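I opened the model and kept notes on what I looked up. The entries follow in the order in which I made them.

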Amino acid sequence: MRIPIQINEHSAEPLYHQIETQLRSLIITGEVEEGTMLPSIREFASGLNCSVITVRRVYQDLENEGLLRTRQGTGTFVAGVGEEARQQFKQDAVLQALEGAVNTALSVHCSEQELRVLFEAMLQQKYQGKGGEG
């Protein structure tokens, strides 16, 4: 199975973090379903043009979080993710992005009212025609 991970070699974000963040998101959102067997560490590293050590670290971190499980001699599989964990992940991701937006606004001396206007305009643009569902 091909896991749709996009890495940016020019990013200041470490490679393992890019991979880990995206894989976590794919698992928690259900795009990579429970029980899915992931590529071997070697295969995944080869497909991403990165080191085996990088992928091993990602797999270990996600296994420690309970998102992956490894069966000796069989492979690494996606573990079950409860609805509460999905909701928490979604909330954390949005709050992190909003915090970044607010910090950017503060750094360019954007007033609270200016930010509210920009935010409302963005909401309207993105959700227009979606019936308020996202």
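**Helix H4.** I started with H4, which has 25 residues and reaches 36 Å from its first C-alpha to its last, close to the 36 Å expected at 1.5 Å a residue. The expected span is 1.5 Å times one less than the number of residues. Helices (H or I, at least four residues) and strands (E, at least two) are DSSP runs, numbered from the N terminus. Just after H4, I found His 109 with a positive phi of about 60°.

**Ground rules.** The model is predicted, so I noted that local features need pLDDT of at least 70 and side-chain atom pairs count only at pLDDT 80 or more, while totals for chains, interfaces and linings use all residues. Residues are numbered from 1 along each chain as its sequence is written, and side-chain values use heavy atoms, with hydrogens and water left out.

**Helix H1.** I ran the span check on H1 as well: its 14 residues should span 20 Å at 1.5 Å a residue, and the end C-alpha atoms are 20 Å apart, which agrees. I then listed the buried residues of H1 and got Gln 18, Ile 19, Glu 20, Leu 23, Arg 24, Leu 26, Ile 27 and Ile 28. Buried means under 20% relative accessible area, exposed over 50%, and partly exposed in between (1.4 Å probe, protein chains only). Their cover includes H2, H3, strand E1 (68-71), strand E2 (75-78) and helix H4 (83-107).

**Gln 18.** Which polar atom lies 2.7 Å from the backbone nitrogen of Asn 8? I traced it to the side chain of Gln 18. Gln 18 lies in H1 (residues 15-28) and counts as buried at 5% relative accessibility. Leaving aside neighbours within four places in sequence, I found Gln 18 in contact (heavy atoms within 4.5 Å) with Gln 6, Ile 7, Asn 8, Ser 11 and Glu 13.

**Core.** Of its 21 residues, Ile 3, Ile 5, Leu 23, Ile 27, Leu 38, Phe 44 and Tyr 59 touch the most other members. H1, H2 and H3 each supply at least two residues of this core, and H1 gives the most, with five. For Ile 27, leaving aside neighbours within four places in sequence, I noted contacts with Val 32, Leu 62, Leu 67, Leu 68, Val 78, Val 81 and Arg 86.

**Rings.** My search of the whole structure found one aromatic pair. Phe 44 and Tyr 59 form this pair, which is tilted, at 5.9 Å centre to centre and 40° between the planes. Phe 44 lies in helix H2 (residues 41-48) and Tyr 59 in helix H3 (residues 52-64), so the pair ties together parts that are 15 residues apart in sequence. Rings of Phe, Tyr and Trp (its six-membered ring) pair if their centres lie within 6.5 Å; planes under 30 degrees apart count as stacked, over 60 as edge-to-face and the rest as tilted. Phe 44 is buried at 6% relative accessible area, and Tyr 59 is buried at 4%.

**Gly 35.** Gly 35 lies in the loop between H1 and H2 and is partly exposed, at 37%. Leaving aside neighbours within four places in sequence, Gly 35 is in contact with Phe 77 and Val 78.

Technical notes. Polar contact = N/O pair within 3.5 Å; in protein donor to acceptor, adjacent residues only side chain to side chain. Core = buried A, V, L, I, M, F, W, Y, C linked by side-chain atoms within 4.5 Å.
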